[in-house]
Amino acid sequence: MVTGLVTHGWHLFQYPLYLTDEGIYMQRAWSLVRQTRLSPYTYDYDHAPGGWIQLAGFAFPLPGQFETFGNAINTGRFLMLLVHLVSVALLFEIVRRLSGSILAASVAAFFYNVSPLAVYYQRQVLLDNLMMFWALLSLYLLIGRDMRIRHAVGAGSALGIALITKENALFFVPTLVYLLHRRVKGSTQRRFTRSLWPFAMVIPLGAYVLYAVLKNELVPSGLDFDLNNPPADHVSLLYTLWWQLNRNQGSLLGQGSFLYNSWLPRDGLFLVLGLLAMLAALYWGLRDRQRNLGFLVVGTMAVAYAFYLVRGSVLLDFYIAPMIPLFAMSIGMVTDRLVGRLRPRLRIAVPAAAAAVLLLVPVTGYLLTVNDEGRVAVADQYHPKLNLTRMQEQQVAWIRENVPSDARIIMDDDLWSALHDVPPFYPFAHSHWNASADPDVRDRLFAKRWQNIDYIVMSNKMRQSMNGNNGDGRENWILAGLKNAKKVWETGQGDIKLQIYRVG
C-alpha cells in the first residue's frame, strides 16, 4: 500500500492530462450535489449512475466540495488514489487466499502498483476503476475462511454496486456465481446464501430500473427500437441498452487500434506476460477444478473481460483499466507456481531480481526510460518537471481574464466544472458533444448556426473527436465556426496542443 501511495500519488494532479471522460463524470457528480439531478443535461442512460453518485458522495462532505483539491477533477483523482490503496489490500489478500502464497500476492501487487499502464489509468477519474474496486470486494468476501450469510449478502451487494457503476461488470457474474456455488456446497446455510446473494445483487439494479419506470423512461414510445430513428419524445433505458449492444468500431487487433497505438507502447511487457499467465491459469484451472480453484477463478474472470475487449464493439482507450488487476493476479499466481520447486532462497531471489530489472532497465519504462534525446531519464509518470495539467489551468485562467461570462463557448468536457463551479460562472459554456446533440443547447442556444458561437476552446485532440463525431454531419456548424475563427491563445508541450479561437 505504501508503494501504491508513492506510484499513484506522485504528482497526481499534474499527470496525465485531464481526460474528457473525467470531466463528464465530475460534471454529473456536480449536478447531483448542486442540482439534485443525474446530469446537467438530459440524462440518456448512456451509463448507469452509480459511479458519479459515489463521486458526489465523496465530494459533498469535503470542506471545499469539488474545489477541495484545486478543481473538480483533482478532487475525483484523490478519490481514485484512496480507491487504489484499498484495492491493493483487497488484491493482495485475494491472491494470498486463492494461492496460499505471499509471494504470489506480492508479485501481483507489484505489477498492480508499478506498471505504467496502472499508473496512467488508475489515477484517472474513471468508472472502470470504481467498478473494479467493488468487483474485488465482492470476490474478497466470497473467499473468506468462513462463508456466512453476511458474507454472501455483502458480496452480492458489492457486485450489484459494481454493475450500476459500469455495466461491463456483467462479465464477472458467471465466475462469481460458480465461486459462490463452490463455497456453500455442503454448507447448512447454502439455501439462504444462494437466495440472498442474488437478492442483494439485484437491489441496486432494481433501484436503477425503478428510476426509469417512475420517469416513464424504461421503454421507447410505441416500443420502437429503430436505431436509425431515435425516440424523440423521451429517452429510454432499454433503447439505450439496445443501441449500446449494436455499436461497432472494428477489431481490437486491427491496425491503428488502441492495442498498438496506446497500450503496448505504455507497457507491452506486462500485457504479454499477463496474456500468457491468463492462459496458463485458465488451463490449470480447467484441468483440475477441484484443486486449482484459484487459477480457475482468476483465469475465467480475465478471459471473460478479454472477450469483452475483443468482441468488436466500441472501444475506448481506458477500457484496459479493469484488465490490469486481472493480469496482475494471473502473473502473481503463475509466477509462484513456476518457481515453486526452487530452493526457498531462490524462490524469493528470482522474482526480486526480475522486479529490480523492470525498475532499473530503461527500456521497460517502469521507473526509467530513454527520452527523445537518447538519454536515460525518469519515466513520465515520475518526472518531477512534467506538468501536463498546468496547460489546462492556463487555458482556464486566460478565459477568466479575457472572455465575458455571458459568452457562448464550445469546448470539451474537461473544462466544464471549472467554468461552472467557480465564479465567474460561464452558463453558456458547453462541450461540442452536447452542442451537437442536445436539443436544448443545439437548437435553443446556438440554433445550429456558427454565427452564434463566440469562442471555441480546443482541448488536445478535440478536433479529432469532432471529426469522429461528425459522421452524420451533426458538427458541421461547429467546424464551420472554427474555419471562421481567429486563434487568440495557444500553448503546447510535446505533441499536446491547446488553443482558444474567437469566432467571427
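Colleague: How much of the protein counts as buried, and what makes a residue buried?

Modeller: In this predicted model, 53% of the 504 residues count as buried.

Colleague: Where does S459 sit, and what is S459 in contact with?

Modeller: You will find S459 in the loop between β5 (455-458) and α20 (462-468). Leaving aside neighbours within four places in sequence, S459 is in contact with D412, D414, K497 and L498. To count as a contact, heavy atoms must lie within 4.5 Å.

Colleague: Now the whole chain. How do you know that the radius of gyration agrees with a compact globule?

Modeller: For 504 residues, a compact globule would have a value near 23 Å; the protein has 24 Å, so the two agree. The C-alpha atoms fill a box of roughly 75 × 65 × 45 Å along the principal axes.

Colleague: Which helices and strands are there to count, and how many of each?

Modeller: The protein has 21 helices and seven strands.

Colleague: What share of the contacts joins residues 24 or more positions apart?

Modeller: Among contacts with a separation of 6 or more, such pairs account for 67%.

Colleague: And how many side chains are positive, and how many negative?

Modeller: There are 46 positive and 35 negative side chains, and the centres of the two sets lie 12 Å apart.

Note on methods: Residues numbered from 1 in each chain as written. Predicted model: local features only at pLDDT ≥ 70, side-chain atom pairs only at ≥ 80, totals over all residues. Heavy atoms only, no water. Helix = DSSP H or I, 4+ residues; strand = E, 2+ residues; numbered from the N terminus. Rg over C-alpha atoms; globule rule 2.2 N^0.38 Å. Buried < 20%, exposed > 50% of the residue type's maximum accessible area, 1.4 Å probe, protein only. Lys, Arg positive; Asp, Glu negative; His and termini not counted. Charge placed at Lys NZ, Arg CZ, Asp CG, Glu CD.
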